[in-house]
Amino acid sequence: MAKTLYMWFHETGEQTMKAEAEVMPSDYSFKQTHLIGLAGYSADDIRFVLQQASYFREVLNRPVPKLPTLRDKTIVNLFYENSTRTRLSFELAQKRMGADVVNFSSSSSSVKKGESLKDTIRNIESMKIDMVVVRHESPGVPQFLRRCVNASIINAGDGAHEHPTQALLDIFSMKQSVGNIKGLKVVIIGDILHSRVVRSNIIGLIKLGAEVVVCGPKTMIPLFVQEMGVRVSHNLEECLAWCNVAMALRIQLERQQGGLFPSLREYHETFGITMKHLERYPDFTVMHPGPINRGVELDNDVADSDRAIILDQVTNGLAVRMAVLYLLSGRRDLG
Amino acid sequence: MAKTLYMWFHETGEQTMKAEAEVMPSDYSFKQTHLIGLAGYSADDIRFVLQQASYFREVLNRPVPKLPTLRDKTIVNLFYENSTRTRLSFELAQKRMGADVVNFSSSSSSVKKGESLKDTIRNIESMKIDMVVVRHESPGVPQFLRRCVNASIINAGDGAHEHPTQALLDIFSMKQSVGNIKGLKVVIIGDILHSRVVRSNIIGLIKLGAEVVVCGPKTMIPLFVQEMGVRVSHNLEECLAWCNVAMALRIQLERQQGGLFPSLREYHETFGITMKHLERYPDFTVMHPGPINRGVELDNDVADSDRAIILDQVTNGLAVRMAVLYLLSGRRDLG
Amino acid sequence: MAKTLYMWFHETGEQTMKAEAEVMPSDYSFKQTHLIGLAGYSADDIRFVLQQASYFREVLNRPVPKLPTLRDKTIVNLFYENSTRTRLSFELAQKRMGADVVNFSSSSSSVKKGESLKDTIRNIESMKIDMVVVRHESPGVPQFLRRCVNASIINAGDGAHEHPTQALLDIFSMKQSVGNIKGLKVVIIGDILHSRVVRSNIIGLIKLGAEVVVCGPKTMIPLFVQEMGVRVSHNLEECLAWCNVAMALRIQLERQQGGLFPSLREYHETFGITMKHLERYPDFTVMHPGPINRGVELDNDVADSDRAIILDQVTNGLAVRMAVLYLLSGRRDLG
């Protein structure tokens, strides 16, 4: 397997050289009104969101990183799952655009009273809400909500299904730090099976023409993942030798008890990125969606090295979310 | 009993025909500075709030449903009991009127440190707060707070006492969808004993000249409820044949363990509104304060039928709360 | 001991007569960019913050108590410990100055996912945050955060270390209600050992030339506290006879189980301030940082008497926090 994989890498690697066409088709217009997943976005849709995001990324460098274009909008953040950085990132994006923001979390909610999701969302809609950002542990919830209401639905993570704004910020960060996505060689390392971040990234990267390899313990690689257009490897060394970007995923500590990997130490031995890797393969860039388990997915020094763009990912997340909110609010093309 | 009730219904039913005088007395002025309950509001006060609410209801239909008339006000939402829709509705009303809003919930509070309610509220007032919206599991808390501080107090539900903004939005919705309140025939169905929603509705509806019947299991009807001016029935069929509006109350599932009703299924058999009821009695309108237990108080199809105005109630709640906030802030008559 | 203490009190008491020089040195400029503790602030820094606070205190008396000088700033309130009044006070100060505010509490956070504090704060900083207000149960956290990020850090209480804005508001309140701090005789009563409020107050008061006595059970007085420049007493009566200001500290009820005092009743007998004290010693002013255990640290009537300035402390807290936010945002001297 390892040999074959390498060959495939080698053969297709040349595509990286080709310049990526960045010009949008002249007849293109962004017609999406929701963001359920990247599966429903065309390559042009994704490129267009990223273009707009680069404009907001500049706004964030200004002394006053605000652009109150959503002053007339009301947004509800509907978080049925705990979250820090995603919720904070959305909330900051919304406030800097001047929207009225209301937070709703399952802990203080009618969920406990047994109200159906449909009734909850239709009630919220009746309060004249423009957009709903939803995170839920069950895959398909954002899709279901979209059928219930007229408000724009933005998926902030649904079970192991999709987490599209995370993938958009990851792809934006690759473009910004590494270069054209077409032909880019990306390895995604870790628990591929349970990750919505991976699914959205694979879908987006493949649409934009990247080559993607997923790398992890056999227990954590979904069957038939190849049908998504990726290759599978269990050999980290080989992947790092090949790739332009190595994206390490957070390992959920509770998986150990589920028998998916023997111990954190052994996981680190086999799939952790170390300083030795950085020295041995001087070209790849390190990414991680956070929160990092330092010493597990990444060595401490790797996380803090200038090969890692983990904090850029966070800043870019803000820009990407501003762009998504802007476009879904019915605004078109900033510039 | 059933016969007598019907007779009474029939006799007084004619009042519905009389046109309701909507003109306010020329010397009327709104002098309330708090909203503790509808018991403390005159019929004219209630009519005046509803008039103002109809203005805000129009605002909510605008492309930008905002009216920043409370830009100079600070409001604290003091929720000692969990709540979704009421808290969300108040918070949205406040934000759309431009107020500074701070939320305080018992879970993250000094309540746990054993601070007295009086000290908590006087501390909050010392931070130069204009209005306090309070929900508490003990009846009388808003009344008590009113005596401690100068800020305007708005009761968002206190134990089984009152929930005045809910009743105002219910009455507003009846007016909007069914017609004049004077002579309107309203049946309220369910757990009358434990419901603050019922108490406020009865007080408000009787003041405005509606006829009210309460209908539920004997274990859930308070003794002497007739002294509030209502009639009691245990026969849903008869009530639905008579009424213009049927308001079903949420059944608290924990009451079953308290022995107040045998099972949800039996409750539904006797007091649930079904599609057959809608067909048999084509005139009454269905209301519910939410959250609905679908299949218990209302059949699924009843809740979603065009005879139900449940989502209008939610939108109207926003308008009513905007009006209350506006009037209690010292503003007068939008015109 | 009692005799000696009294003598010392008597001898130094005359300093109170001297007028305090309020004019700032002509070459003074405020150079702080964080507020970790009063230990890092010079006497002039403290005086300057208090001067600015008096300006904001006037703003709070205006019909519209707002001054939107932080419209371009984003502030995160990072509360790892429950808090009502401190969090509310900071949040109100921020909103009245027009800042964008995002709250982050440990209950809904990555903390549970085991993310390091350093990664959390650096992530937050990557979202282009200007200031972070942090409360944490571990002493040293604000200091640690300061080394990790460029945003301004404001300590809202770290373990038993410091709570500088509380001390600033206490000193501001003394100045406002009692007079010059230089020579002022202050007794702080209660659990000196576990209190961050005491530590910050002692540091600030001593820097400004006050005389401070700490008074409490021997189990609650830290060894070597005298090295901070204070005297120790275990005799409340004597302290109240001497002081201009008596600041009672909240007793943590859980300390009783730790064996630090026998019972609330006995604590009250020995260290509680009663109406008899107020009558016997007509000059001292009563302070308390809240929340009060009524009947323990203070008699009910003492807390509500006009000798107590407890609610003024709360209002002044808002003014002091506005001043701190203003100055640390890079603004200088309101004039």
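Start by selecting Phe56(C): this residue is buried, with a relative accessible area of 0%. Buried here means under 20% relative accessible area, exposed means over 50%, and partly exposed is in between (1.4 Å probe, protein chains only).

The model is predicted, so local features need pLDDT of at least 70 and side-chain atom pairs count only at pLDDT 80 or more, while totals for chains, interfaces and linings use all residues. Residues are numbered from 1 along each chain as its sequence is written, chains are lettered from A and ligands numbered from 1 in the order in which they are written, and side-chain values use heavy atoms, without hydrogens and water.

**Aromatic rings**

Tyr55(C) is partly exposed, at 26% relative accessibility. Rings of Phe, Tyr and Trp (its six-membered ring) are paired if their centres lie within 6.5 Å; planes under 30 degrees apart are stacked, over 60 edge-to-face, and the rest tilted. Over all chains, the search finds 24 aromatic pairs.

Go to chain A and select Tyr28(A), Phe30(A), Tyr41(A) and Phe48(A), which ring pairs link into a cluster.

Next come two charges over rings, a term that requires NZ of Lys or CZ of Arg within 6 Å of the ring centre and within 35 degrees of the ring normal. Select Phe90(A) and Arg321(A): the arginine lies over the ring face, at 4.9 Å from the ring centre. In chain B, select Phe284(B), where Arg307(B) lies over the face at 4.9 Å from the ring centre.

**Salt bridges**

A salt bridge is counted when a side-chain nitrogen of Lys or Arg is within 4 Å of a carboxyl oxygen of Asp or Glu. This rule gives 30 salt bridges over all chains.

Select Glu81(A) and Arg196(A). They form a salt bridge whose closest N and O atoms are 3.0 Å apart. Glu81(A) lies in the loop between strand E1 (74–79) and helix H3 (85–96) of chain A, and Arg196(A) lies in helix H7 (residues 196–207) of that chain, so the pair ties together parts that are 115 residues apart in sequence. Helices (H or I, at least four residues) and strands (E, at least two) are DSSP runs numbered from the N terminus. Glu81(A) is partly exposed, with a relative accessible area of 23%, whereas Arg196(A) is buried at 12%.

Now show chains B and C together and select Arg294(C) and Asp119(B), whose side chains meet in a salt bridge of 2.6 Å, N to O. This pair crosses between chains: Arg294(C) is in the loop between strand E9 (285–287) and helix H12 (300–304) of chain C, and Asp119(B) is in helix H4 (residues 117–126) of chain B. Arg294(C) counts as partly exposed at 23% relative accessibility, and Asp119(B) as buried at 6%.

Select helix H3 of chain C. Lys95(C) and Glu91(C) both lie in this helix (residues 85–96), four residues apart, about one turn. They form a salt bridge, with the closest N and O atoms 3.0 Å apart. Then select Lys118(A), Asp119(A), Arg122(A), Arg294(B) and Asp304(B), which salt bridges with shared partners join into one network.

Return to helix H3 of chain C for Leu92(C), which is buried at 1% relative accessibility.

**Cavities**

A cavity is a set of points, on a 1 Å grid over the protein atoms alone, where a 1.4 Å probe fits but cannot get out; lining residues have an atom within 4 Å of a point. Select Arg85(A), Gln166(A), Leu169(A), Pro289(A) and Val314(A), the closest to its centre of the 15 lining residues. H3, helix H6 (164–177) and helix H13 (310–328) of chain A each give two or more residues to this lining. The largest share, five residues, comes from H13(A).

**The three chains**

Chain B can be laid on chain A by a turn of 120° and a shift of 0.0 Å along the axis, with an RMSD of 0.0 Å. These two copies are thus related as by a three-fold rotation axis. Chain C can be laid on chain A with an RMSD of 0.0 Å, by a turn of 120° and a shift of 0.0 Å along the axis. Copies are superposed by least squares on the C-alpha atoms of residues with pLDDT of at least 70 in both.

Note on methods. 1 Å grid on protein atoms, 1.4 Å probe; cavity = no way out; pocket = protein on both sides within 12 Å on 5 of 7 lines; lining within 4 Å.
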